[in-house]
Amino acid sequence: MIEKTTLDNFEEYDDPILYDKENDPYTEDVTFLEKWASKTEGVIIDLACGTGRATIPLASKGYRVIGVDLHKGMLNEAKNKSSNLNIQVDWVEQDCSKLDLKIKSNLIYSVGNSFQHFLTNDAQDGLLMSVNRHLETKGVFIFGTRFPSAEELFQPSKEEYWRTYIDRDTQNKVDVYTVSSYDSLNQVQHHTTIRKFKNTDEEVVNEVKTNINLRYVFPKEMERILTDNGFEIIDVYKDWNETPITEDSYQMVYVCRKVKGLQRKSSVFSTTGCYGEG
């Protein structure tokens, strides 16, 4: 049985400092989000915000942002990074598939391919139902997920070189390798990342392995999932530069609009503007 989105699938994020070293340079999604934020009134919600890579830049532009994550370590690092900044950001530790913020928004987003952490149909529906409940009618939900190409899914099940980067603290090289296997029945890729840290003589002095499971969704499947959860798709891009999606894409960036609320027997609309468990 495939596990749901719980902390036992978050091994890749147990070192928030390392996560920032490897991901902070990426800003294309933040630039994209800023365009939508400029057209949005009210609070913005960042789901699976991690260490605040996208949250903090938006808040620094003057937007009020709520950053939500289930991983306590990542969220604590986000709090540390923003503690000395004069920004409007609230950090909330919650499961994004069971969101209860007592507020509604005109813009919710999730970056870093976080959609792939929701490994089951129920988990995906839980996320989208949560987003729907917290969006105003005609509010926008933006998220990205990897494109399920054959090249992406059927990677070698042996250690394969991926990339090298320079550690910003030591200025030494880190070589990164991956091992992947794809479970076709559950559309889940089991992924191991191996980082080999080198010294000034380029000798490997430390090696760290982390594991993660990632769910893949095909484009037509995504259309049905979003429609069933009260959304219409405004645009789908192959990257955060708004390039039209093609068969050779590596990513799918969705811009969706809430067109209807959801009536669930287990949910009751409250006077705070959110649904609560019934």
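**Chatting through the fold**

Reader: Leaving aside neighbours within four places in sequence, what is D20 in contact with?
Author: D20 is in contact with P25, T51, E77, K81 and R168 once those neighbours are set aside. Contact means heavy atoms within 4.5 Å.

Reader: Before I go on, what sort of model is it?
Author: A predicted model, in which local features need pLDDT of at least 70 and side-chain atom pairs count only at pLDDT 80 or more, while totals for chains, interfaces and linings use all residues. Residues are numbered from 1 along each chain as its sequence is written, and side-chain values use heavy atoms, with hydrogens and water left out.

Reader: OK, back to D20. Buried or exposed?
Author: D20 counts as buried because its relative accessible area is 2%. The cut-offs are under 20% for buried, over 50% for exposed and partly exposed in between, with a 1.4 Å probe and protein chains only.

Reader: And which helix is D20 in?
Author: D20 sits in helix 1, residues 16–23. Helices (H or I, at least four residues) and strands (E, at least two) are DSSP runs numbered from the N terminus.

Reader: What about the radius of gyration?
Author: The protein chain has 19 Å, which agrees with the value near 19 Å for a compact globule of 278 residues. That radius is taken over C-alpha atoms, and the globule rule is 2.2 Å times the number of residues to the power 0.38.

Reader: How many residues are in the largest nonpolar core?
Author: The largest core has 29 residues, and L47 and V68 have the most contacts inside it. Helix 5 gives the largest share, four residues. A nonpolar core is a set of buried Ala, Val, Leu, Ile, Met, Phe, Trp, Tyr and Cys residues joined through side-chain atoms within 4.5 Å.

Reader: Where is L127 found?
Author: L127 is in helix 5, and it counts as buried because its relative accessibility is 4%. Leaving aside neighbours within four places in sequence, L127 is in contact with L47, C96, S97, F115 and F118. The C-alpha atoms of L127 and C96 are separated by 5.9 Å.

Reader: And K61, buried or exposed?
Author: K61 counts as exposed because its relative accessibility is 57%. K61 is in the loop between helix 3 (55–60) and strand 2.

Reader: Last one: what does E221 touch?
Author: E221 touches Q187, R215 and Y216, not counting residues up to four places away in sequence. E221 is found in helix 7 and is buried, with a relative accessible area of 16%.
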